[in-house]
Each structure stands twice: as C-alpha cells, then as structure tokens.
Amino acid sequence: MTILEKQGQAAKAAAYPLAGAGTAKKNAALQAIADILMDRQAKWLQANAIDIAAAKESGMRPAMLDRLTLTSERIAGIVEGVRQVCSLPDPIGRVEKMENRPNGLIIGKRRVPLGVIAIIYEARPNVTVDAAALCLKSGNACILRGGREAIHSNRLAVSLMQEALVSVGLPGEAVSLVQDPGRESATELMHLNDYVDVLIPRGGAGLIRAVSKEASVPVIRTGEGICHIYVDNEADLDMAANILYNAKCSRPSVCNAAECVLIHEDMLEAFWAKALPLLDRHQVELRADEAALKVLGERALPAADTDWDTEYNDYILAVRTVKDCEDAISFINVHGTGHSECIVTNNYFKAQHFLNAVDAAAVYVNASTRFTDGGEFGLGAEIGISTQKMHARGPMGLEELTSHKYVVYGEGQVRA
C-alpha cells in the first residue's frame with residue numbers, strides 16, 4: 001500500500017465519525033481552527049515567507065505571487081471566513097421531502113455528506129483553510145493537494161487544523177495534506193477510487209482540463225474563468241468604466257476577473273475616454289480588434305484569434321467591438337467558459353434578455369464579475385466555482401458538498 005493509499009484509508013475511516021458528528025461538535029472544531037490560525041499566525045506567516053522567497057527566485061509572475069502571499073489582513077479574512085461557515089445552517093440531516101405512499105410507506109430524502117473529498121489546487125494557501133472548513137461543516141473528510149509553491153504554508157495550516165480537530169475529539173485525519181506536491185502524487189490521487197468519493201480541481205484552465213481528462217474518480221470542474229463585460233450603447237459610461245476597472249484590476253489572477261470587454265460600436269470613443277485613465281493605473285495591456293485599434297491606436301496591440309479564448313490571469317485585456325446586445329450574447333456563448341458574465345446598460349429589456357440568453361453560472365447587470373464568490377453570495381467560504389451544469393453550479397458552499405439518501409419508514413410492508 002502506497003503512502004497516499006494509506007492517507008486515503010485514514011481519511012475514509014475519519015469520514016464516518018465526522019458524518020455522525022452533530023452540528024455543535026463540528027462548530028466547535030471550526031471555532032478551534034479559527035482560534036489556532038489567529039493565535040499562531042506568526043508561524044503561518046514565517047512558513048509563507050519561505051514559499052514567497054522561493055517563488056520570487058523562480059521568477060513567478062507578480063499576479064501569481066499575489067495569490068500565494070499571506071498577510072495579517074488576509075489571515076484575518078481567512079479566519080473570518082471560517083467563523084462565517086461556523087455560523088451557517090448545517091445541511092446534514094435535513095429532510096427535504098417526505099411523502100406517504102399508497103402502500104403506507106413513508107419515503108423521505110435526507111441530506112448526507114459526500115464522504116471523502118479530494119481537492120487539487122495551485123498556489124493559494126487560503127484555499128487550504130476554506131476547503132477544509134466547508135468540508136468539515138458539511139461532514140466530509142478532505143484530502144488536500146496544493147501546489148509546490150505553497151507547500152510550507154499548506155503544511156503549517158493543515159498541522160494547525162489537525163491539532164484543533166483533535167482538541168475537540170474529532171479525528172485529525174479528517175483533514176490531510178498530500179505531502180509530495182509532485183505530478184505523480186496528483187495522478188495517483190485522481191485514481192484513488194477506493195477512498196475518494198469526489199475530486200475537485202481548483203486552478204487554471206490547464207489544471208482543470210488535465211484533471212478532468214485523467215481522473216477515474218468523479219470530478220466537479222471549477223474555476224475556468226474567461227469572463228466578459230459588455231458595454232451597451234445605453235450604458236452609463238462612468239459606471240461601465242468603474243465596473244471594468246474593478247473586474248480586471250482588483251485581482252487579475254482570480255477566476256472571476258474580466259478577461260474580455262465587449263463594446264457597442266457606437267460607444268468606442270466615449271467609453272475609452274472614461275476607461276483608459278483607470279486601466280492606465282496598472283498599465284493594462286490591451287489586445288484589440290481592428291475597429292477598436294482605430295480608436296486606441298498605439299495604446300493597444302492587435303488581437304490574435306487566441307485572445308478571445310485566453311484566461312490571462314494578468315493585467316491583460318482582450319477588446320472586441322460588437323454591433324449590438326445580440327452580437328455580444330452570441331460571442332459570449334461561443335467564447336465564455338460558463339463562469340461569470342456582465343452587461344452594463346440602462347435598458348431594462350436588454351438586461352432581461354441578457355440574463356435569459358447568456359449561458360453562465362453567474363450573470364450580472366451593472367455589477368462587477370468579481371462578486372462571484374462564496375462569501376459575497378452569503379455562502380461563507382467557497383470550495384470553488386463550478387462551471388458545470390450538474391448538481392453544483394456557481395460558488396460551491398455547504399449545500400453543494402452534500403448528497404442525499406432516501407429514508408423509508410414502514411410497518412411490515414412487503415412487495416407483491
């Protein structure tokens with residue numbers, strides 16, 4: 001038996017008592033995790049500093065380095081996310097439907113944990129805590145496999161969380177970390193069918209596609225984010241410029257950041273007069289189609305066909321000119337990844353048509369795509385943003401980490 005198989009076996013064993021733990025015990029574990037992460041944040045920051053130094057030496061891009069970096073403020077936010085999860089209603093045990101059958105049987109559907117959830121993700125140590133908190137509250141054990149870039153940060157965080165679990169009488173193995181961040185361990189985890197009930201990849205498009213192609217365990221796809229902002233000819237241009245600036249520049253490395261702006265052909269000059277001063281604050285590189293280039297001149301580069309299908313995760317923005325709302329919708333439905341899309345318009349009927357016609361997990365009217373987030377949606381932390389159309393779509397909170405079982409009450413009935 002390999003090291004990872006032993007880890008899977010331990011997680012499976014831990015999943016059973018966790019599934020039966022009541023809300024009070026799970027909340028006690030989450031409070032203990034929040035307390036220990038806050039109390040020992042200095043050690044967590046020290047571990048993170050080792051990862052940051054190595055990342056800088058390897059030449060990691062600034063936007064990706066930002067994802068890796070922990071600060072006291074970010075740790076406070078992570079801890080607050082854990083406390084929010086603690087305060088949320090526990091979905092486990094909820095009976096959603098109970099019916100009396102003609103034969104006297106009473107049949108109901110009860111919420112239950114998925115079991116053991118494996119998460120493969122990249123250089124984001126906050127995901128380590130977010131994922132663990134959501135899995136614990138929903139009664140699931142988790143096996144975390146973070147990227148090599150965050151290995152010291154992740155090891156410290158998981159060690160602290162395991163200590164917190166044991167302190168309240170739950171098995172520490174309910175949260176575990178794959179210690180080898182190499183590709184071989186990821187591949188083995190994708191085939192750990194005897195122990196893993198579902199695998200969630202969280203990261204860039206390359207990671208998600210590779211996991212979906214390789215894994216033999218069930219996979220929930222998350223995170224591919226080619227998000228668009230459409231600026232209509234009936235838009236408030238100051239609003240549109242601010243929305244685009246926020247969606248592109250607040251954190252360009254995350255999946256809900258805008259990667260492409262679509263502009264009605266009648267609004268090119270007026271819109272860019274508003275938007276360019278904002279985007280220039282971060283020297284955003286623009287890759288524009290022919291019509292937009294006539295307005296932007298040397299401020300932009302000619303767009304290649306690949307730019308309409310690229311998730312940059314950087315200060316780069318594709319610029320496309322469209323004839324009308326219908327043209328924008330058609331373009332989005334071809335080139336989007338089903339994540340988050342936005343229209344900026346003052347026309348109610350166009351807004352409603354956009355909401356109905358765009359195929360995405362989250363569709364916005366006059367608001368930044370950066371709000372697609374578990375915390376912003378009232379779910380507490382999130383384990384990822386699903387772009388699938390199965391039981392989970394959009395930010396995945398507690399509800400999406402559960403399944404159901406049928407419970408059947410009888411009085412001696414037998415089937416004829």
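Which side chain meets glutamate 399 in a salt bridge? That partner is arginine 111, at 3.5 Å from N to O. A salt bridge here means a side-chain nitrogen of Lys or Arg within 4 Å of a carboxyl oxygen of Asp or Glu.

Before you dig in, note that this is a predicted model: local features need pLDDT of at least 70, side-chain atom pairs count only at pLDDT 80 or more, and totals for chains, interfaces and linings use all residues. Residues are numbered from 1 along each chain as its sequence is written, and side-chain values use heavy atoms, with hydrogens and water left out.

- Glutamate 399 sits in the loop between strand E15 (394–395) and strand E16 (402–409), while arginine 111 is in strand E2, so their bridge ties together parts that are 288 residues apart in sequence. (Helices, H or I with at least four residues, and strands, E with at least two, are DSSP runs numbered from the N terminus.)
- Arginine 111 also pairs with glutamate 96, where the closest N and O atoms are 2.6 Å apart.
- Arginine 111 counts as buried at 15% relative accessibility, whereas glutamate 399 is partly exposed at 29%. (Buried is under 20% relative accessible area, exposed is over 50%, and partly exposed is in between, using a 1.4 Å probe and protein chains only.)
- Across the whole structure, a search turns up 19 salt bridges.

**Cysteines**

- There are zero disulfides in the whole structure, a disulfide being a pair of cysteine sulfur atoms within 2.5 Å.
- Cysteine 142 is buried, with a relative accessible area of 0%, and cysteine 249 is buried at 4%.

**Surface patches**

- Val95, Met98 and Tyr409 make a nonpolar surface patch of about 270 Å². (Patch residues have over 30% relative accessible area and no salt bridge; like charges are joined within 9 Å, and nonpolar side chains, meaning Val, Leu, Ile, Met, Phe, Trp and Tyr, within 5 Å.)
- Methionine 98 belongs to strand E1 (residues 95–100) and is partly exposed at 39% relative accessibility.
- Glu265, Asp266, Asp324 and Glu326 form a negative patch, with Asp and Glu counted as negative.

How values were computed: Areas by Shrake-Rupley, 256 points an atom, 1.4 Å probe, with all protein chains shown as cover. Charge placed at Lys NZ, Arg CZ, Asp CG, Glu CD.
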